[in-house]
Amino acid sequence: MEAMKETVDQSLREMRETFASGRTRSVKWRKAQLGAIIEMVKDNEEKMCDVLFKDLGKHSTEAFRDELGFVIRSASTALNCLDKWVVPKKSNLPLLFYPATGKVISEPYGTVLVLSSWNFPISLSLDPMIGAIAAGNTVLLKASELSPNASALLAKLIPSYLDTKAIKVIEGGPDVATILLQHQWDKIFFTGSPKIGKIIMAAAAEHLTPVTLELGGKCPTIIDHHSVSKDMKSVVKRISGGKWGSCSGQACISVDYVLVEQSFASTLIDMFKPVIRSFFGENPKESGCLSRIVTKKHFQRLSRLLNDPRVKASIVYGGSMDEEKLYVEPTILLDPPLDSEIMNEEIFGPILPIITLRDIQESIGFIKSKPKPLAIYAFTKDENLKTRILSETSSGSVTFNDLMIQYMCDALPFGGVGQSGMGRYHGKYSFECFSHEKAIMEGSLAMDLEARYPPWNNFKLNFIRLAFREAYFKLVLLMLGLTKGVRK
């Protein structure tokens, strides 16, 4: 560990020196690094798909959709929009401040730490880096040790393509993260669980370091079958794809559970079964299209959740497991006990509880009784229900009649609220995430207002009152001595 401490010290020292030199503030430098990220991913697509298969069993198509293609798009957006993003934003100052002018400039924080997650180890490492680089920061990445092949590949490739004095990668587990968090950073970006997020935030508080925490939570899906009855095939397909088609449910924005009226539950389950078979065949374990569970520890956690006798009794589809192959079959539960562990912690796996309600309007109260989720999904055409969801619940995002696409849309901010996280990124929001917006005001010495200065009197008090109200006509009357009718 002493060697690692020295490595971290040296890396930080070099990154700070690089930032202090001003090199990373150059738009030309930023564009060169963004272009290099695109080149790196395109040059090494096969290698990246290979490590994602080794670490998580991801099919190459899934890997490109959720990771490689996403990174290329994110970097391309930043590259194409950077000139516009860095332009100072002119502020329209109130007339009271004339002839002063104001603007807001985006300046980089400085030296940034990115702690990424294992479930999307390429995109969740490179996408925050893209924002940090676009904003002009130096960056140190610690990829997750739970996806060791992806971590090792990034540690090898990044120094080959990017500026090694400004952008660095360090591998390791919790011990290395502990060393990193003992240092002062200008910004910390973390993707992971709320439990670890609290540790990150506590460490950052020692140095008053700003943090962005991308966490998770139990993301509900509401099915209002009355209003979408004609589209239920698409509804079931989208839920199935969102739950089992993206890292086997090991995603922070995956569907955690479904809320549906009791009268429709059995029909819904019957509709899920053929869709799952059409996606993964009669033997999903051998389909090659279902990601595996990341580690034995995570497999055992899911096994424990399912083996609760009360939960086991609620299985209506699937339920088989293979510890050697880290395989959990796509599984559906019907009304598992609400006080069970599986209904009170993020599942993060291919298990889908269906919770029945007497009336779908009750879904609002159900969601409000839980911690704020990262996303709420609702399949409905009922405008009243949509309004209630938006006005009565709180979540990182709400998506109607689809799943997970909000994550792919860089025109929208992505982030949580409360236990599901803080801060936002993607597209221009990533640039803002890693920038300090500095207010610039330039006054004029050509004129002065005596009402600003002592000695105080009633005239100055009246002037200040009217100024705060921006009552300019009355101000003119006051200055002309025409005080009649001017409220004191």
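Biologist: What share of the 488 residues in the chain is buried?

Modeller: Keep in mind that this is a predicted model, where local features need pLDDT of at least 70, side-chain atom pairs count only at pLDDT 80 or more, and totals for chains, interfaces and linings use all residues. Residues are numbered from 1 along each chain as its sequence is written, and side-chain values use heavy atoms, with hydrogens and water left out. Buried means under 20% relative accessible area, exposed over 50%, and partly exposed in between (1.4 Å probe, protein chains only). Of the 488 residues, the buried ones make up 52%.

Biologist: How many helices and strands does the chain have?

Modeller: Both are DSSP runs numbered from the N terminus: helices are H or I with at least four residues, strands are E with at least two. The C-alpha atoms fill a box of roughly 90 × 60 × 35 Å along the principal axes. Within the chain, the count is 18 helices and 18 strands.

Biologist: How is helix 3 oriented against helix 4, parallel or perpendicular?

Modeller: The axes of helix 3 (residues 45–56) and helix 4 (residues 60–85) come within 10 Å and cross at roughly 105°. Those axes are lines fitted to C-alpha atoms, for helices over the stretch in contact, with angles running from 0 to 180 degrees between N-to-C directions. Under 35 degrees counts as roughly parallel, over 145 as roughly antiparallel, 65 to 115 as roughly perpendicular and the rest as oblique. So helix 3 is, relative to helix 4, roughly perpendicular.

Biologist: Which residues of helix 3 make the contact with helix 4?

Modeller: Contact here means heavy atoms within 4.5 Å. On the helix 4 side you'll find Ser-60, Ala-63, Phe-64, Glu-67 and Leu-68. On the helix 3 side, look for Glu-45, Met-48, Cys-49 and Leu-52.

Biologist: How many salt bridges does the structure hold?

Modeller: Side chains of opposite charge can pair when their charged atoms come close. A salt bridge is counted when a side-chain nitrogen of Lys or Arg is within 4 Å of a carboxyl oxygen of Asp or Glu. By that rule the structure holds 31.

Biologist: How many residues apart are Asp-163 and Arg-23?

Modeller: These two side chains meet in a salt bridge, 3.0 Å from N to O. Asp-163 sits in the loop between helix 6 (148–161) and strand 5 (167–169), while Arg-23 is in the loop between helix 1 (2–21) and helix 2 (27–43). Asp-163 counts as buried because its relative accessibility is 16%, whereas Arg-23, at 34%, counts as partly exposed.

Biologist: Which helix holds both Arg-388 and Glu-392?

Modeller: Their salt bridge has its closest N and O atoms 2.9 Å apart. Arg-388 is partly exposed, with a relative accessible area of 23%, and Glu-392 is partly exposed too, at 31%. They lie 4 residues apart, about one turn, in helix 14.

Biologist: What is the accessible area of the nonpolar patch with Trp-456, Ile-464 and Phe-468?

Modeller: Patch residues have over 30% relative accessible area and no salt bridge; like charges are joined within 9 Å, and nonpolar side chains (Val, Leu, Ile, Met, Phe, Trp, Tyr) within 5 Å. Areas come from the Shrake-Rupley method with a 1.4 Å probe, and for residues only the protein chains shown count as cover. Ile-464 is found in helix 17 (residues 458–468). Together the three residues have about 390 Å².
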